[in-house]
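Please read the following report with the sequence and the structure side by side, and look up each residue as it is named.

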Amino acid sequence: MSTTAEENCAAIRQELDQLKHSRQFAVEPTQNVIDDSEHKKLQEMLSQKETELESALQSLESAKTTIEDLNAQISELAEKLNSAEEQRKQLQSDLDAVVADNEEHVRQLGDQVQGAVLNSQIEALREQLSVQ
């Protein structure tokens, strides 16, 4: 998870802890300071804020898990890509060797054919000489 997301989680946790701490002291209304209706409103606001913060924290934690899963998948795909690249290089090397071998065979066959043609021409000349 990025530093900013971690900072956001920490800030939300801190605010949630502060709300829970505030709630301990706001449980009973103090005399002559706030009346019951105000106290109930404050309690509702605290509860709502706490719920919102818990929901945001769960969302961030879920996003963190998703990011971690995606990073694992990316790593796995990168390994597969590297492996495929190595295989491609090996196949290219094998192909280059086969091509070079075939070129040598073609050269040798060309030499053999040229030798056979020359032998045939020599034989034809011998026959001509023997006839004359």
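The report below moves from the overall fold to the nonpolar core and then to the salt bridges.

This is a predicted model, in which local features need pLDDT of at least 70 and side-chain atom pairs count only at pLDDT 80 or more, while totals for chains, interfaces and linings use all residues. Residues are numbered from 1 along each chain as its sequence is written, and side-chain values use heavy atoms, with hydrogens and water left out.

**Overall fold**

The protein chain contains two helices and zero strands, where helices (H or I, at least four residues) and strands (E, at least two) are DSSP runs numbered from the N terminus. Helix α1 covers residues 3–26 and helix α2 covers residues 36–131.

Among contacts (heavy atoms within 4.5 Å) between residues at least 6 apart in sequence, 69% join residues at least 24 apart.

**The nonpolar core**

In soluble globular proteins, nonpolar side chains tend to be buried together. A nonpolar core is a set of buried Ala, Val, Leu, Ile, Met, Phe, Trp, Tyr and Cys residues joined through side-chain atoms within 4.5 Å. The largest one in this model has seven residues, namely Cys-9, Ile-12, Leu-16, Leu-19, Leu-46, Leu-53 and Leu-57. Helices α1 and α2 are the elements that give two or more residues to this core, and α1 provides the largest share, four residues. Leaving aside residues up to four places away in sequence, Ile-12 touches Leu-53, Ala-56, Leu-57 and Leu-60. The buried residues of α2 include His-39 and Gln-43, as well as Leu-46, Leu-53 and Leu-57.

**Salt bridges**

The structure holds six salt bridges, each being a side-chain nitrogen of Lys or Arg within 4 Å of a carboxyl oxygen of Asp or Glu.

| Pair | N to O distance |
|---|---|
| Glu-15 and Lys-49 | 3.6 Å |
| Lys-80 and Glu-76 | 3.4 Å |
| Glu-123 and Arg-126 | 3.9 Å |

The salt bridge between Glu-15 and Lys-49 links distant parts of the chain, since Glu-15 lies in helix α1 and Lys-49 in helix α2, 34 residues apart. Glu-15 is partly exposed at 32% relative accessibility, and Lys-49 is partly exposed at 33%.

Lys-80 and Glu-76 are four residues apart in helix α2, so about one helical turn separates them; Lys-80 counts as exposed at 52%, whereas Glu-76 is partly exposed at 44%. Glu-123 and Arg-126 are three residues apart in helix α2, so they too are separated by about one helical turn. In this pair Glu-123 is partly exposed at 39%, and Arg-126 is exposed at 52%. Finally, Glu-104, Arg-107 and Asp-111 are linked in a network of salt bridges.

Note on methods: Buried means under 20% relative accessible area, exposed over 50%, partly exposed in between (1.4 Å probe, protein chains only).
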